[in-house]
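Subject: A structure for you to look at

Hi,

I am passing a structure on to you and would be glad if you opened it in your viewer before reading on. My notes on what turned up are below it.

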Amino acid sequence: MLSIIALTVLGVLGLQSFLVCVLLFIKARNVISNKLLALLILFLTFSYFNYFLSNILFLAGWGHVVPYLQVETLFGIGPALFLYTQSLVSDQFRLEKKHLLHFIPFAIEFLYYRTNIYAEGAIGIGSIPSTSLQYFYIVEQYAGLVSVAIYAFLALRLLDRYKNDLLSFYSSLDQHSIQWLLAPIIGFSIFWMSWLSTRLIDVFLFDDGLRTYYYLPTLMLLAVISGWIGLIGYFKNDT
């Protein structure tokens with residue numbers, strides 16, 4: 001019963017985050033940072049909404065269709081975070097074709113999840129892998145987490161390098177507003193680095209035995225943070 005309630009809350013938070021993405025994208029002052037923040041939150045929302053959708057379908061007896069409905073965005077989160085950071089530290093930043101190169105791994109990931117290679121590799125998730133496709137799926141998942149961690153590190157380093165210029169550029173804003181502009185960068189970077197560390201410790205030291213204790217609560221925390229920062233970003237970015 002408790003898990004059903006938790007899943008319901010996760011689904012509601014996911015729908016809220018999708019709405020926030022739309023609001024950020026169409027808001028009157030539609031600067032590039034708003035679009036990139038919307039893209040970042042969209043990718044983050046898919047990362048936990050998948051868990052909600054797959055569990056609901058399994059409970060409804062439709063588990064066989066789950067592999068065909070998954071929309072993984074691990075390889076899109078990092079680039080979106082990094083480009084969002086660039087849009088804040090430079091008033092000359094513009095999205096160009098070269099920036100699309102960052103999303104090539106995400107495009108490959110999206111296509112991978114539309115194939116039978118993924119469907120067969122995802123069979124038996126949670127059990128010990130026994131086929132090459134299952135091992136490939138696991139490697140792909142961890143490669144996605146590492147990708148996010150690397151981009152998060154680059155975003156934090158970029159933010160540190162230009163922090164004085166950033167404070168000068170936003171000199172007309174009060175300190176509280178500046179902190180909210182930086183919240184997605186710092187908050188999501190710390191979250192994903194912590195998530196990667198936790199998963200690696202659990203897998204290699206505890207044989208993935210702690211997953212049931214932290215997985216769903218962590219996804220709910222991500223859902224709350226994503227929706228909260230999105231809403232604050234929507235109202236604060238106009239100040």
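How many of the 16 residues of helix 4 are buried? Please keep in mind that this is a predicted model. The count for helix 4 is 15 of 16, so the rest of the structure largely encloses this helix. From its first C-alpha to its last, helix 4 reaches 24 Å, close to the 22 Å expected at 1.5 Å a residue.

Now to the nonpolar packing. The largest nonpolar core has 54 residues, and the members that touch the most others are L40, I77 and W192. At least two residues of this core come from each of helix 1 (2-26), helix 2 (32-59), helix 4 (74-89), helix 7 (132-161), helix 9 (175-206) and helix 10 (211-236). As general background, nonpolar side chains in soluble globular proteins tend to be buried together.

The structure holds 16 aromatic pairs. One of them joins F49 and F52 in a tilted arrangement, 5.2 Å centre to centre with 45° between the planes. Both F49 and F52 lie in helix 2, 3 residues apart, which is about one turn of the helix. An α-helix has 3.6 residues a turn, so residues three or four places apart point the same way. F49 is buried because its relative accessible area of 14% is under 20%, and F52 counts as buried at 16%.

Y112 and Y113 make an edge-to-face pair, with 5.2 Å centre to centre and 80° between the planes. Y112 counts as buried at 9% relative accessibility, and so does Y113 at 1%.

Elsewhere, R114 lies over the face of F110, at 5.0 Å from the ring centre.

Happy browsing, and do write back with your thoughts.

Best wishes

Terms used: Residues are numbered from 1 along each chain as its sequence is written. This is a predicted model: local features need pLDDT of at least 70, side-chain atom pairs count only at pLDDT 80 or more; totals for chains, interfaces and linings use all residues. Side-chain values use heavy atoms; hydrogens and water are left out. A nonpolar core is a set of buried Ala, Val, Leu, Ile, Met, Phe, Trp, Tyr and Cys residues joined through side-chain atoms within 4.5 Å. Buried means under 20% relative accessible area, exposed over 50%, partly exposed in between (1.4 Å probe, protein chains only). Helices (H or I, at least four residues) and strands (E, at least two) are DSSP runs, numbered from the N terminus. Rings of Phe, Tyr and Trp (its six-membered ring) pair if their centres lie within 6.5 Å; planes under 30 degrees apart count as stacked, over 60 as edge-to-face and the rest as tilted. A charge sits over a ring if NZ of Lys or CZ of Arg is within 6 Å of the ring centre and within 35 degrees of the ring normal. The expected span of a helix is 1.5 Å times one less than its number of residues.
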